[in-house]
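Hi everyone, thanks for coming. Let me put the structure up on the screen, and then I'll walk you through a few local details.

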Amino acid sequence: MKILVINGPNINFLGIREKEIYGQMSYEELCSYIKKQAENLNIEVEILHSNVEGEIINIIQNNYDKVDGIIINPGAYTHYSYAIYDCIKSINKPVIEVHLTNIYARDEFRQKSVTAPACVGVISGFKEIGYKLALMALKDIGGNTND
């Protein structure tokens, strides 16, 4: 099984930005954690990052047919990117949205995800463990969705 992990804007600033919200873990440490969890689950994982909406769409379009599922943390695009929503809807692969923080306990504008309805599920508020849970879920559903 191969899973693509896509991280959106500002996630590369983990350990730098708002440590009281996002914690001390650096982006490199997050990627190492994800790789270790994937290895423990016997999953091949590729992790990509972009701060640019169009690049995230290109990543999905250029890779969806090479993977069994996608984990995406769209960052701020979660709240307004209908383009990413449309892209996720256009592929026939399970996508799980992950957020390090509980978006429902944050600013009002962060409590709405426009991308979530295109995904098979959302994991929010468990910091890096959310990626592990998403890997486990994708392994369990085996690249199949029951829309």
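Let's begin with Asn42, which counts as exposed because its relative accessibility is 65%, above the 50% cut-off. Please keep in mind that this is a predicted model. Where does Asn42 sit? You'll find it in the loop between α2 and β2, the strand covering 44–49. Its backbone deserves a look too: Asn42 is not a glycine, yet its phi is positive, about 60°. For background, most residues other than glycine have a negative phi.

Asn10 is another case: a residue that is not a glycine, with a positive phi of about 70°. Asn10 belongs to the loop between β1 and α1 (19–22). Is Asn10 buried or partly exposed? It counts as partly exposed, because its relative accessibility is 38%.

Now over to helix α5, residues 129–141.

Which residues of α5 are buried? They are Gly130, Tyr131, Ala134, Leu135 and Leu138. Looking down the axis of α5, these buried residues fall within an arc of 140°, so they line one face of the helix. And what covers them? The cover includes the strands β1 (2–7), β3 (69–73), β4 (95–99) and β5 (121–124), along with helix α2 (27–40).

Key:
Residues numbered from 1 in each chain as written. Predicted model: local features only at pLDDT ≥ 70, side-chain atom pairs only at ≥ 80, totals over all residues. Heavy atoms only, no water. Helix = DSSP H or I, 4+ residues; strand = E, 2+ residues; numbered from the N terminus. Expected span 1.5 Å × (residues − 1). Buried < 20%, exposed > 50% of the residue type's maximum accessible area, 1.4 Å probe, protein only. Arc of directions from axis to C-beta. Contact = heavy atoms within 4.5 Å.
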